[in-house]
Structures are given as structure tokens and as C-alpha cells.
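Please look through the structure shown below, with attention to its charged side chains and to the packing of its helices.

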Amino acid sequence: MRTVGILGGMGPEPAQALLERIKTAAKTGRRSEDVPLVVDLDTKLPSLVDGDGADPLPVLVDMAKRMQDSGAEALAMPCNASHQFAGQLAAAVDIPLLDMVLLTSKTACAAARKGEKVGVLGSPALQETGIFDAAINACGGEAVYPEDSDMLLDAIREIRATGPTPSVRNKVVQASHNLIWQGAHVQLMGCTEFSLLERALDPGAVKVDPLDVLAQAIVRFSRDQAA
């Protein structure tokens, strides 16, 4: 079994949720078959949602190097927005990054019908940086976003402050309805905090959860299995 390093610090809940998803994806009750992990929750990491504009890349690089030195053979990062730094991060170490954005985009494209749009539910930073646009375009799809991006930003701030409340769920459901109206039935949870919500999509939507996709990729890598 190969060791994977988890870059945290973007909020403890998504990191904890990823660990639970890894356990589920591993489907084993035997400790000898558990995925070996190194987890770094560095609270000095600037927020991409409510930060002061400070560059998070130096902190991410320090975390990655610490995990490489601790024996990690690959890295994973349970934050979609932070993947705007994926290239620089991968270049700073000698181990691969299991890119959640690329993996999730491929999964979403595979779930969508030919020519169908893929909806992205997340912070405005995702649309501004275009990381999902590039990844989804590369697999033959087209990314679309809810028209009211400020409502989703409010939902992210609320879930970080008070947890996955009914108010947060209602905001995400409204955004999901809007994506259906735009023709995007396949919808990915572009903010990992939204992965903590239950029944947060339009009933007609097909959910693609990046935490599930990343957890499965981590298990495959650890077991040295092909993707």
C-alpha cells in the first residue's frame, strides 16, 4: 500500500469527510488494508473565500514538501478552488498530485449525454479562474454555472460558520434548479463543503461529488491499481 498525503487547512470538515469517504471506498474492515495517509491541516493557509488576498501557494508548497518528506508518495487536496495552483504545486515536489478537478470533470463528462452541459456548484472563484471550464472542455463538455453566484458564496460562508443548515441546503437547491433550467442535469459539487449536504440538488439532477471521486482515486493509487 502506498501512502497519500492530504493537504488540509481549507476547513476541517471537508478533510474529515474525505477521510470517511476513503474508508468507505476502501471497503475493508481489516486494518492491514487501510490506506496509509499523512494529513496536514495548516491553519495558516489563507482562505480563497474570505481571505485578505494573501497568496496561499507558499503555504501549500510547504505542506506538500513536509508530506513528501514524511513519506507520502502522492498528494491530494480536498478543495476545488485551490486547484488553480495545481501546476505550481506539482512542480514543487517530486510526487504526483491526484488532481480532483481533472478526475471529477472526467467523471461528470462520462455521466453527461453527448452535447449536454455540466453544471458546477461552487464559489465564484471557480468561474473566475476557469479551472473547471478547461477540464470539462478537455473531455468534450461545457461547464455552466448558476446565475446567482452571490447566493452560493453566501451559502459557503454560512456552512463554514454554522454547518450544513436547512438554509444552506435551500440556497444550493435553488442554484441546482437554475442549472436544470440551463440544461445541465449532470451537476458537480464544486465546493467540497456542499458535499456535506443531504438532498441538496434538484430531483432531476445527477450528482457528481468530487470527494467521492478523489477518495476512489486515492484508494486506487494506494493499491497501485490503474485508474
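With which residue does Arg-160 form a salt bridge? The partner is Glu-193, and the closest N and O atoms are 2.9 Å apart, a salt bridge being a side-chain nitrogen of Lys or Arg within 4 Å of a carboxyl oxygen of Asp or Glu. This pair links distant parts of the chain, since Arg-160 lies in helix H7 (residues 149-162) and Glu-193 in the loop between strand S7 (186-189) and strand S8 (206-208), 33 residues apart. Arg-160 is partly exposed at a relative accessible area of 34%, whereas Glu-193 is buried at 4%; buried means under 20%, exposed over 50% and partly exposed in between, with a 1.4 Å probe and protein chains only.

The model is predicted, so local features need pLDDT of at least 70 and side-chain atom pairs count only at pLDDT 80 or more, while totals for chains, interfaces and linings use all residues. Residues are numbered from 1 along each chain as its sequence is written, and side-chain values use heavy atoms, leaving out hydrogens and water.

The structure holds ten salt bridges. In one of them, the side chains of Arg-66 and Asp-40 meet at 2.7 Å, N to O; because Arg-66 belongs to helix H2 (residues 57-69) and Asp-40 to strand S2 (residues 37-40), the pair ties together parts that are 26 residues apart in sequence. Here Arg-66 is partly exposed, with a relative accessible area of 36%, and Asp-40 is buried at 13%. Helices (H or I, at least four residues) and strands (E, at least two) are DSSP runs, numbered from the N terminus.
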